[in-house]
Amino acid sequence: NMKACINNDFAFYKRAFNTVRKEIAEGDQFSEDNFNLYTFLANQSSILSNLRQLLHKVNGYEDVIIMLMDLAVDHLTNDHYVTVAEKHTLMRVIPHCLFLLDASLDNVNGMNVFKSKKFRLDKYIKVCKKFPVIPLYGDMQIKVGIILQRCPHWEPAMMDALALDSWDKVSGEFMLTSHVDKARDECMDFLTRFTTMVTDVKRMVGQEKAIPVSVQEDVALSVFQGYKYLTSWTARVIEQTAWKYAHPVRDSEHEKANEYEKVVRYNYSPQDLTAVVEFLGLIKGLANVMRKHEGVLGPLLRRYIHGDLQ
């Protein structure tokens, strides 16, 4: 319910429904459903807020939430994820868990996440600083600072103290122009090793030789590394897009432009556009190469996974 257009669409639906309500056999039931939906849309983050209230009635809930945050930090720090969706899910875990942990102000014995001694806040804030803008879905994104501002113990001065949206330090991490050279080198190096490996495997298959377990393992690790590169590059494209949506152009030249133009049309420099095109080319090119050799490598992958799980 964070997207304003949903409320606008629902208001339009409600007006249309009221004109035909008497003609519908179960009009009263629909009216009740509409009221429940209206209540949900009118209260931002109602699901999380209700979950937080219920959690605080459970003994020992703090330990479980802290374990979840530690797990998310570990996975993000050590790249223990495969898909882009997994990475962005882990990014959302930490600020939302801090919100769930923070007790109400009237609960004198409750936890203040910004002063608690049960965990090191700086460990989680470090991750939040690295990913201050989190992609959600499509053009939807959310800033970590907005999530933390919903905590009862949040104070306005904390935004500057935590430096969660420091443009100079963070924007470079989100811009593709800062990473395109590294991604290009990674792609060239991987393709060289990958094509050499495929040639060796095809030669063994053509000679009807048994494929050693060591070769099967090399194939599995190589394919996994390819997926990691695809995930990393795709995530960077999505994260830059989210950053642009969260930081529209504000110069006077484009003051009269609509919001969409401010976040897309005028928010990308020629260098940004070139980097986007090159990243998309790297992603599509590597994916096509790996897909092309699926018939040769697929059986070896399945055989290795089967043997490794025995």
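How many nonpolar, polar and charged residues does the lining of the largest pocket have? The legends below take up this question and then turn to other close-up views of the structure, which is a predicted model.

**View 1. The largest pocket and the classes of residue in its lining.** In this predicted model, the largest pocket has a volume of about 640 Å³, and 25 residues line it. Sorted by class, the lining of this pocket has eleven charged residues, nine nonpolar residues and five polar residues. The residues that lie nearest the centre of the pocket are Asp-79, Tyr-81, Lys-87, Lys-130 and Arg-236.

**View 2. The helices that contribute to the lining of the largest pocket.** At least two residues of the lining come from each of α4 (61-77), α6 (121-130), α10 (180-206) and α11 (213-246). Among these helices, α11 gives the most to the lining of the largest pocket, and its share is eight residues.

**View 3. Asp-79, one of the residues nearest the centre of the largest pocket.** Asp-79 is found in the loop between α4 and α5, the latter helix covering residues 84-101. Although Asp-79 is not a glycine, its phi is positive, at about 55°. The relative accessible area of Asp-79 is 39%, and the residue is therefore described as partly exposed, a term that applies to values between the cut-offs of 20% and 50%.

**View 4. The largest cavity and its lining.** The structure holds one cavity of 30 Å³ or more, and the volume of the largest cavity is about 30 Å³. Its lining is made by Met-91, Pro-95, Val-127, Cys-128, Phe-131, Ile-134 and Val-144, and the elements that give two or more residues to this lining are α5 and α6. When the residues that line the largest cavity are divided by class, seven are nonpolar, while no polar and no charged residues are found there.

View 5. Leu-37, Phe-40 and Ile-47 make a nonpolar surface patch of about 270 Å².

Methods
Residues numbered from 1 in each chain as written. Predicted model: local features only at pLDDT ≥ 70, side-chain atom pairs only at ≥ 80, totals over all residues. Heavy atoms only, no water. Patch = residues over 30% accessible without salt bridge, like charges linked within 9 Å, V, L, I, M, F, W, Y side chains within 5 Å. Areas by Shrake-Rupley, 256 points an atom, 1.4 Å probe, with all protein chains shown as cover. Salt bridge = Lys/Arg side-chain N within 4 Å of Asp/Glu carboxyl O. 1 Å grid on protein atoms, 1.4 Å probe; cavity = no way out; pocket = protein on both sides within 12 Å on 5 of 7 lines; lining within 4 Å. Points joined across faces, edges and corners; volume = space filled by probe spheres on them. Helix = DSSP H or I, 4+ residues; strand = E, 2+ residues; numbered from the N terminus. Nonpolar A, V, L, I, M, F, W, Y, C, P; charged D, E, K, R; others polar. Buried < 20%, exposed > 50% of the residue type's maximum accessible area, 1.4 Å probe, protein only.
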